[in-house]
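Q: Could you take me through one part of this protein in detail, namely the place where its domains meet?

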Amino acid sequence: MRQSQLFTKTKKEAPADEVSKNAKLLIRAGFINKEMAGVYSYLPLGLRVLKKVENIIRKEMDNVGGQEILMSSFQPKENWEKTGRWNSMDDLYKVSDSSKREVALGPTHEEIVVPILRNYASSYKDFPVAVYQIQNKFRMELRAKSGILRGREFIMKDMYSFHTSQKDFENFYEKMKDVYKSIFQRVGIGDMTYMTFASGGTFSKYSHEFQTVTPAGEDTIYIDKEKNIAINKEVFNDEVLESLGLKKEKLIESHSIEVGNIFDLKTKYSEPFDLSFTDEKGQKHTILMGCYGIGLSRLIGTVVEALADDKGIIWPESISPFQIHLVSLCTDEADIKKVDNLYERLKLQGKEVLYDDRIGVRPGEKFADSDLIGMPTRYIISPKTLANESVEIKKRTESEAKIISIDELLK
RNA sequence: CGGAGUGUAGCUCAGUUGGCUAGAGCAUCUGGUUUGGGACCAGAGGGUCGAAGGUUCAAGUCCUUUCACUCCGACCA
């Protein structure tokens, strides 16, 4: 894409009403736009990142047999009354229309997905099933904060699995642990993300979170680097330590951001909706469930928090809006034609290129913009490099550039 | 929801004990100069001072109400 066509622009100054690094950088660089507290729109660059993250997650979900669906955001009040959550969930958005009918805006989708399954599956032959979606969620956070990390509207992947036996559930749950590790590895924060033993909330006694270590995190975890696992402070006690075979002395305390969470739901939601199956002997049993969440918007914010430097964002190749930032410092027409040509050829090779073709913008400003936007690789092309038919290549994470010929580059 | 703070141009901010036609930088537009780390010169456009009400000869400035945003806390599938 030609940068001259991009309707967003970078800003020199961060907005006064943002404090978090992720929001400051993402807004300055033109990835997101703030609409109200905890609510952001995704602009062209931000949406490209979001789509990349989405596709990584989608592939991983499909690989474990997940079937993608898209459930409604409006959810009937009766369903929430059935599970007892209409009044017990503080952060549930309740909206009403002119006929005074009340509905919930979905913060999670157990109340929808279980009735859907019930509509189609009732035999042991119909299970196991896993369905998932990637969708906007609404939660009435009493206090939205930290930019994109804790919003009132946010984007989440939620998967729900359905099983006829505890063993089948456990197998799947174990598989999902690896799937989650793989996802966080692929988006570039695998080395700093730990599977963390945590509270199960209202569902069950314990659950597993995936926590990314950064000072911006609002959670506190204790990490065992050797075993590559951690414990959330909320369940940090002798009993848990012993059950996991961890020694207090070896643990390192860190702040972290919860980027994913997997739960054993047991029959908590299948029961109220009577989601059950008939076994080989004609006997009826309640279905066992698991649920698996990843906040995509939070994940993007976490990547920014964890990897950015003082000049701007640093995107891992896998989720960068473009792979290459082609920065042209050329001013006369013949040179510009040559750069245009290089841009077209890179595109033909299937490269994703953001081409800074802006005329009248000085080099310093282009470099500053390029650092801020944070593409992993920068190609600088100027009259100087063009004289030698070459390009200067610099990685966002490195300070030294190297020069190679255009021919070699295209090879 | 409790505590603290902030709302003035698209953005970042200044604006004295109430006083004349509300300012600067960035951004935008015009012209010129410049071109390897957010340049410079000259000019121009851009405002319901968050909103409503009040006090006053006079309100960005004082009072009341209200809304929004931020931070700390509580809360958090």
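A: **Where the domains meet**

Six residues of domain 1 are in contact with eight residues of domain 2, contact being C-beta atoms, placed from the backbone, within 7 Å. On the side of domain 1 that touches domain 2, two residues are nonpolar, three polar and one charged. Here Ala, Val, Leu, Ile, Met, Phe, Trp, Tyr, Cys and Pro count as nonpolar, Asp, Glu, Lys and Arg as charged, and the others, Gly among them, as polar.

A word on the source: this is a predicted model, in which local features need pLDDT of at least 70 and side-chain atom pairs count only at pLDDT 80 or more, while totals for chains, interfaces and linings use all residues. Residues are numbered from 1 along each chain as its sequence is written, and chains are lettered from A and ligands numbered from 1 in the order in which they are written.

In chain A, domain 1 covers 3-307 and domain 2 covers 322-410, with bounds from an automatic or database domain assignment. Their C-alpha centres are 39 Å apart.

Now for the largest nonpolar core, which has 92 residues. Such a core is a set of buried Ala, Val, Leu, Ile, Met, Phe, Trp, Tyr and Cys residues joined through C-beta atoms within 7 Å; buried means 20 or more other C-beta atoms within 10 Å of the residue's own, again placed from the backbone. Leu 26, Val 53, Val 187, Leu 296, Ile 300 and Ile 381 touch the most other members. Leaving aside neighbours within four places in sequence, Leu 26 is in contact with Phe 31, Ile 32, Gly 46, Ile 148 and Val 304.

Methods. Buried ≥ 20, exposed ≤ 12 C-beta atoms within 10 Å, placed from the backbone. Contact = placed C-beta atoms within 7 Å.
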